[in-house]
Amino acid sequence: MSQHGGRLWDGSGKPAFVLASLLLLALPCLGFLPDFWSRVLTLSWNSHTHQHITEQAILNVTVETLRGIKKHQGNHAEEQTGLGRGFWRAVGEVVKSNAAMDFLSSTRSDPVYHFDSERVDGATGMLRQFWAQTLLSVRAKEYQSARHSLGQLFHSLQDFYSHSNWVEMGQRVIYLHLLHPEEPAFPVAAEDTPTCMECFSPTCRDNLMPRLTNAQQDAQLLTTGYFSTFPPKPHGKCSHGGILDLSRDMGAKGGINKDSTSPLFSPHHYLHVEASKLALEATLSALRDISDAVGPETFLRLFSVRQVPALVFVMDTTGSMFEEITAARYRAHSIIQRRAGSPGQPGTFLLVPFHDPEIGPVYETDDPHRFMQHMENLMALGGGDEPEMCLSAIQLALTHSPPLSEIFVFTDASPKDAHLFDVVKALALEKQSKVTFLLTEDPSYTLPSRGRRRKRRRKRRELLSPDRFSLYSSLSSLSGGVTIFTTNSDIRSVSAIVEDNTAVDKVTLLHVESDKESSHSFRVDSSVKDVTLHLTGLLTECVLTSPSDQSQSLLSQRGPLAELERFEGLYRVSLTSPTQPGEWKLRARSDGHLTFSVIANSSVDFLYHFATVTNETHPGLARVEGGPVAGVPVFLVLAVTGRAPGEEASFSHVTLLGAAGESLQRVMLNSSSSSSSSYAAEELVGRMDSVPGVPFCVRLTGRDGAGNQLERVSTEMVQPTHVQIQVLSVPRLVPGHSAKVAFDILNHGPARSFSLKADDDRGYLHKRGPHSFHVEERGSFRGEVDLAAPAAAEAGSKVTLTLTVRALGSPDSNYAVAYLSVTPPDPDTSPPSCAAARAPTACPAACNGSSWSASLVVSDSGRSGLAALQLRGGEGVLTLFHSPVEDGDETAGGGRRRHAARLEVGDPPVNVSGWAAGSSRPLWGTYSSSCCSARAELLVWDAAGNVKRCRLAAAAAGSAGSGGGGAGWRAPAAGCLAALGLIRLLL
């Protein structure tokens with residue numbers, strides 16, 4: 001691709017340049033295509049990609065869940081606009097993990113991850129591992145890890161329908177056995193069983209052996225296509241197929257993949273739609289099972305639905321910090337009280353106290369009252385010297401808080417742990433979290449001599465540099481936060497910035513830094529409300545000008561345009577409502593450094609990432625990890641979020657802005673969205689001919705429905721570089737065992753030496769570094785780090801591994817962040833079971849005045865034991881007992897024994913984990929209902945989170961019901977259950 005190419009699309013939405021050279025360079029693709037760009041590379045515009053299937057499934061089940069929670073409220077427009085930026089960031093993490101299965105060298109060619117080469121049993125086992133890990137992570141509230149394993153699960157699950165002969169067998173329902181081992185399994189063709197016939201054209205019709213397309217279930221065999229040359233393809237087996245599959249010319253020639261609508265890449269392209277529909281249904285079913293297993297509220301947390309920025313405080317608790325702690329308490333109490341019962345209440349509260357040498361513990365909760373108890377327990381004691389372990393505390397806050405968080409640091413001391421700066425910087429940029437410092441210290445104070453004092457001074461162990469707070473300023477600048485130097489008397493008022501920045505639907509219209517004299521502008525569109533300006537530094541002049549050319553000095557407290565609150569270190573300016581749409585201008589003069597930040601309320605915002613074309617085994621756009629490489633082409637992919645259905649807005653370009661707000665480059669955008677759903681985010685893509693060589697932020701520009709120019713700014717500063725670090729594998733950690741994480745260092749500059757540091761938040765690393773090595777010009781270095789999980793490591797916990805590389809004698813640096821999950825060596829993946837204890841009674845044709853009943857037993861054959869039950873469907877009552885139910889023994893009033901619990905639809909799940917040791921004993925139950933409601937549904941969970949969906953139905957009129965029960969109960973055979981028609985076990 002030419003570095004000097006222009007726009008990618010013309011007005012018709014089709015490519016404006018020839019892609020033949022890319023197609024010739026690309027290697028074969030496996031599975032559904034990874035993302036939207038894959039459709040361009042394969043010239044298959046109507047193909048359904050992994051990205052499309054995954055996004056649609058998550059969106060659909062999320063909306064279902066919201067409607068289920070608020071089924072009596074008919075305003076569904078609120079559902080869409082209320083999903084929020086955090087939701088689309090979470091969806092992006094799942095999509096990224098899904099696509100990485102095609103891009104990572106450790107997974108892209110392994111048939112077990114893609115249902116290739118008839119490795120069906122191994123792939124099914126891997127699927128169930130992903131499922132168990134997802135549930136473990138969700139139950140441990142490690143949602144980021146859960147999204148990673150969920151993306152892996154979705155990729156393999158979706159590949160099954162594209163790579164196997166499931167569709168060709170005439171199947172129109174999903175293969176339940178993949179995630180439910182007790183469901184019937186189809187045999188896989190033996191290694192010596194031919195599965196395909198020769199095919200000599202790009203489109204292969206009827207090339208499967210008859211038994212591989214047999215519609216009779218007892219005669220069907222499963223097969224999947226062999227890909228490339230490993231593992232070797234036996235003669236007569238099916239290939240994956242397509243013009244770039246090296247196995248396609250080995251007998252039997254041809255292939256069976258349904259990855260795309262292009263016959264060049266997919267011999268069974270004519271079945272692509274059917275395969276993608278089943279893949280979507282399987283993904284929907286898995287998501288619904290997760291929602292059932294963890295509950296609707298936790299499911300919404302998993303995807304950060306309507307996520308309000310977390311309230312995160314990092315608090316210095318040394319003896320000089322009494323006023324700061326009091327101010328933080330006041331501000332937290334104000335936020336909690338004002339937003340009580342409203343959608344604006346933070347869903348996550350996090351407190352990390354620190355002083356030398358102690359850091360933490362981390363207090364994390366979703367209960368605002370418990371958070372306030374932790375705040376009330378803070379005491380300003382001890383310490384008294386400088387510096388402190390501030391960066392260590394910020395690292396803890398970043399690893400425990402969700403992405404897109406606002407982190408507020410209260411301290412009056414410089415950092416003692418400056419060696420952690422690169423790690424903290426990497427975590428802040430990876431999570432797109434902002435770090436703001438509220439400092440009650442004079443940065444010019446260097447000597448312990450008498451003079452102007454603003455608070456009780458700390459003891460100094462040594463003379464301190466006047467720039468000792470520069471790391472704080474750098475961290476806030478690159479993350480999009482601010483650093484405020486204030487006083488004890490003003491800290492409570494200055495902390496209002498906490499309340500401003502954690503508001504729901506907060507967007508940024510301007511964020512720049514400057515010195516001395518500068519002029520800036522920002523634009524207000526019709527969706528914007530409550531515009532607030534934060535100016536830090538010491539102003540000598542500042543004038544605000546409206547779109548109608550009316551001006552006001554911001555050094556006066558009140559005027560026609562805005563109201564000013566002035567404190568030491570901060571000017572807080574609120575524009576008068578309603579705010580006039582159009583371009584607003586700021587002209588300021590100062591004796592020092594200034595930061596301008598303009599925020600407002602609006603649901604319309606955006607996310608972005610950089611990507612490069614990959615032509616490995618799967619053509620597509622692979623996300624760039626860490627900072628992009630300066631001076632080379634790259635794609636910029638954006639998702640516009642928060643637009644209401646029917647809301648008109650168009651977006652034309654982004655502008656890359658330097659730290660002082662200067663324009664560095666304009667990138668034109670085109671839409672790449674394939675979804676017509678009004679709920680979907682709009683995806684935009686643009687090609688940058690060359691990444692700037694200096695840090696920059698991204699400003700999106702468009703127009704709203706009224707024709708007003710619309711602008712949004714993503715405030716974190718992108719750090720271009722000439723070195724990359726790529727993590728090649730992310731293994732699971734098993735308690736008591738070690739694991740290796742492999743990585744590549746790619747040098748895009750001259751030959752030079754590098755230093756690598758590794759850090760993790762659990763202390764599992766063998767060696768942290770620094771490790772030094774030499775890399776030739778345009779060369780690479782492959783290395784690995786070892787982690788050892790102790791035997792007592794908690795299953796489901798997350799380990800955050802941060803790798804940072806820096807060129808010696810050069811500003812070039814970069815980072816990679818990997819999240820590893822602790823997994824038990826043999827996780828329980830078997831769900832509970834339901835069986836008939838006695839046949840159901842029958843219902844007459846006329847249901848009025850008649851009733852029916854059924855008896856059942858639930859048990860768990862796995863190691864976890866029963867955990868909970870919930871009645872989800874039907875209008876009757878389920879009564880649970882500890883022992884078998886005999887005739888006449890269903891009612892509690894019979895005097896023989898009392899029931900353990902009674903369940904009706906609408907009741908929360910009943911926790912049964914404490915009813916018996918390990919909950920290994922089965923439970924018996926009877927269900928009674930009017931014949932006018934002849935069906936019911938019961939959900940049963942085990943302690944590992946596996947769920948079984950059991951359906952009950954009355955017997956058909958005229959059928960005789962008799963069945964066993966009592967103390968000698970044993971589970972009926974599957975054929976007996978089918979004959980009784982009592983319980984059907986479904987996804």
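## Overall make-up

Contacts between residues 24 or more positions apart account for 73% of the contacts in the protein chain with a separation of 6 or more. The model is predicted. Of the 987 residues in the protein chain, 58% are buried. The secondary structure of the chain consists of 17 helices and 41 strands.

## A four-stranded sheet

An open sheet is formed by four strands, and their order is β28-β27-β30-β31. The pairing in this sheet is antiparallel. β28 (771-775) and β31 (813-821) each have a single partner strand and stand at the edges, so one side of each is left without a neighbour in the sheet. On average, neighbouring strands of the sheet are turned by 25 degrees against each other, direction ignored.

Inside this order, strand β27 covers residues 752-760 and strand β30 covers residues 798-807. Seven bridges join β27 and β30 in the antiparallel sense.

## The loop residue H766

The loop between β27 and β28 contains H766. Its relative accessibility is 51%, and because exposed means over 50%, H766 counts as exposed.

H766 also has contacts beyond its neighbours within four places in sequence: these are with S738, D786, L787 and A788. For one of these residues, L787, a C-alpha separation from H766 can be given: 5.9 Å. H766 and L787 are 21 residues apart along the chain.

## Helices α3 and α7

Two packed helices are described by the angle between their axes and the distance between the axes. For helix α3 (residues 50-69) and helix α7 (residues 143-163), the axes come within 11 Å and cross at roughly 110 degrees. This angle makes α3 roughly perpendicular to α7, because angles of 65 to 115 degrees count as roughly perpendicular. The crossing in which α3 passes α7 is right-handed.

On the α3 side of the contact are H50, I53, T54 and I58, and these meet F154, H155, Q158 and D159 of α7. By residue type, the contact of α3 with α7 divides into three nonpolar, four polar and one charged.

Notes
Residues are numbered from 1 along each chain as its sequence is written. This is a predicted model: local features need pLDDT of at least 70, side-chain atom pairs count only at pLDDT 80 or more; totals for chains, interfaces and linings use all residues. Side-chain values use heavy atoms; hydrogens and water are left out. Two strands pair if DSSP finds at least two bridges between them. Helices (H or I, at least four residues) and strands (E, at least two) are DSSP runs, numbered from the N terminus. Axes are lines fitted to C-alpha atoms, for helices over the stretch in contact, and angles run from 0 to 180 degrees between N-to-C directions. Angles under 35 degrees count as roughly parallel, over 145 as roughly antiparallel, 65 to 115 as roughly perpendicular and the rest as oblique. A crossing is left-handed if the near helix is turned anticlockwise from the far one by less than a right angle, and right-handed if clockwise. Contact means heavy atoms within 4.5 Å. Ala, Val, Leu, Ile, Met, Phe, Trp, Tyr, Cys and Pro count as nonpolar, Asp, Glu, Lys and Arg as charged, and the others, Gly among them, as polar. Buried means under 20% relative accessible area, exposed over 50%, partly exposed in between (1.4 Å probe, protein chains only).
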